[in-house]
Amino acid sequence: MNRPDILVIGGGIAGLSAAAAVSRHARVTVLEAEEQVGYHSSGRSATMLHYALGDRLVRALTLASRPFFENPPASFGEVPLGHRMPVLVHARDDEREALDALEAELALFASLDRLDARGVHELCPLLKDDATHGIADRNGIRLDPHALLQGNLRELRGRGGELRTGARAAAIDYADGVWNVTTDKGDRFSAPVLVNAAGSWADAVARMAGVQPLGLQPKRRTIITFDAPPDTELDKLPFAKTVGDELYFAPESGRLFASPMDEVPSGPCDAQPDELEVALAAYRMEERTIVKVQRIHSRWAGLRTFTPDHRPAVDWAVDAPGFFWLAGQGGFGLQTSPAMAAIVESLIVGTPWPIPDVLPAELLAARFFRQPA
Ligand SMILES: Cc1cc2nc3c(=O)[nH]c(=O)nc-3n(C[C@H](O)[C@H](O)[C@H](O)COP(=O)(O)OP(=O)(O)OC[C@H]3O[C@@H](n4cnc5c(N)ncnc54)[C@H](O)[C@@H]3O)c2cc1C
């Protein structure tokens, strides 16, 4: 029987970053169902840090996370957690109002350049001529999820914490002040605190523990990679996104990647790309850029898991002692992970609240259970 102080279910970026943070104060064990960390959402993302998604809360969590990515602790090792990549949000004439509104929201978080048609095409020569307006954040960060996962794991292990892979929690019960987790291989783990960081499976884990689920909805998103036109200066290209949620693309390992920003409701699963969204990605790429997608080099899909109000839940469960929610990271789980981990540390261990611009009340799990008066 393994008896840490804190058990974390889920070895994605949420579980590992939270585990690393609380391991400063407690003995921590992470249980991950797969044989490797980051196999699901954390290993399938677009890996950008940018402000053009989510709402004020998500942007505040992102802003608070930036210093960590730019200046990671020495214990993370030598590998940088990302590199600079400008972010360009572009619009046609008929989309200008939406761009103006987004600019006003983003200006609270990032230093932006307003671009005319010429500026847009200087930054991204691949866009068609009808991209006539843009806003650019020259300080976007393309994150390295592998370095991020491994850095957190290194910290966790350096402080005596443990990761068990191939350890799927299959039964959970609470007795005499401790949570008991039995894996599908029959191994038993017990701890007074259980952190539910199971990504798309977080509601399923809650149900297993007899805790009321939040109503999480995983949504599938697809990415394809393909060749850029010859002579494209890939290393100068931005992460380019339409002002509406239609298309984004960016350089990727000597090629381009693109997503049609699909949001197909799904159950928790090993998400696979669907031919329809693969075709849509290629179609939208050709619709908005001068690129011809002649051969799709690779494709993948992953799940972005949302709470009913699209804000994360980082909080103790109200209906079960010692059960902690860390769920609903949607499409922003990498770029907010340092801030969320610091919040977990504060709420579980009692360190000072780390982010003045975010209130604990905004992250309550209980907000989904309030009955109408
Ligand atoms: C296409 C795409 C693009 C994205 N782009 C970005 C982006 O640009 N920037 C950004 O910040 N975010 C982005 N995201 C979102 C980001 O990837 C997620 O928010 C983040 O990875 C969620 O992390 P997680 O740890 O909660 O989930 P996961 O990485 O899925 O980890 C959960 C883990 O829990 C494990 N688990 C489940 N059930 C059990 C069990 N019973 N026992 C043990 N283990 C269990 C799973 O195996 C899994 O490894 C994107 C996502 C996708 C799919």
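For sorting residues I count Ala, Val, Leu, Ile, Met, Phe, Trp, Tyr, Cys and Pro as nonpolar, Asp, Glu, Lys and Arg as charged, and the others, Gly among them, as polar. I keep in mind that this is a predicted model, where local features need pLDDT of at least 70 and side-chain atom pairs count only at pLDDT 80 or more, while totals for chains, interfaces and linings use all residues. Residues are numbered from 1 along each chain as its sequence is written, and side-chain values use heavy atoms, with hydrogens and water left out.

**Entry 1: the ligand shell**

How do the residues of the shell divide into nonpolar, polar and charged? I noted 18 nonpolar, 15 polar and six charged. Of the 39 residues around the ligand, the nearest are Glu 32, Ser 42, Ala 169, Gly 330 and Gln 335.

Next came polar contacts (pairs of N or O atoms within 3.5 Å; within protein, one must be able to donate a hydrogen and the other to accept it, and residues adjacent in sequence count only if both atoms are side-chain atoms). Gln 335 places a polar backbone atom 2.7 Å from a ligand oxygen. For Gly 330, the distance from a polar backbone atom to a ligand oxygen is 2.9 Å. Thr 47 has a backbone N or O atom 3.4 Å from an oxygen atom of the ligand.

I then looked up how much of the ligand is covered. Taken alone the ligand exposes 1,000 Å², and the protein buries 97% of that. Accessible areas here come from the Shrake-Rupley method with a 1.4 Å probe; for residues, only the protein chains shown count as cover.

Which elements give two or more residues to the shell? They are helix 1 (13–22), strand 14 (217–226) and strand 19 (296–306). Strand 19 has the largest share, with three residues. Helices (H or I, at least four residues) and strands (E, at least two) are DSSP runs, numbered from the N terminus.

Arg 142 sits in strand 8 (residues 141–143) and counts as buried at 8% relative accessibility. My scale: buried is under 20% relative accessible area, exposed over 50%, and partly exposed in between (1.4 Å probe, protein chains only).

**Entry 2: salt bridges**

I took a salt bridge as a side-chain nitrogen of Lys or Arg within 4 Å of a carboxyl oxygen of Asp or Glu. How many does the structure hold? The count is 29.

Arg 114 and Glu 103 meet at 2.7 Å, N to O. Arg 114 lies in strand 6 (residues 113–115) and Glu 103 in helix 3 (residues 96–106), so this pair ties together parts that are eleven residues apart in sequence. Arg 114 is partly exposed at 33%, and Glu 103 is partly exposed at 21%.

Glu 246 and Arg 288 form another salt bridge, with their closest N and O atoms 3.2 Å apart. This pair spans 42 residues, from the loop between strand 15 (239–242) and strand 16 (248–252) to helix 7 (residues 275–288).

Arg 311 and Glu 362 meet at 3.6 Å, N to O. They link the loop between strand 19 and strand 20 to the segment after helix 8 (337–349), 51 residues apart. Arg 311 and Glu 362 are both buried.

**Entry 3: a hairpin and positive phi**

I finished with backbone geometry. Strand 20 (residues 313–316) and strand 21 (residues 323–327) pair in the antiparallel sense over four bridges, where pairing takes at least two DSSP bridges. Asp 315 has Trp 325 of strand 21 as its bridge partner. Six residues lie between the strands of this hairpin, and Gly 322 in the turn has a positive phi of about 75°.

Which residue other than glycine has a positive phi near 65°? I found His 310, in the loop between strand 19 and strand 20 and partly exposed at 35%. Asp 176, also not a glycine, has a positive phi of about 50°. Asp 176 lies in the loop between strand 10 (169–175) and strand 11 (178–183) and is exposed at 81%.

Technical notes. A residue is near a molecule or strand if one of its heavy atoms lies within 4 Å of it.
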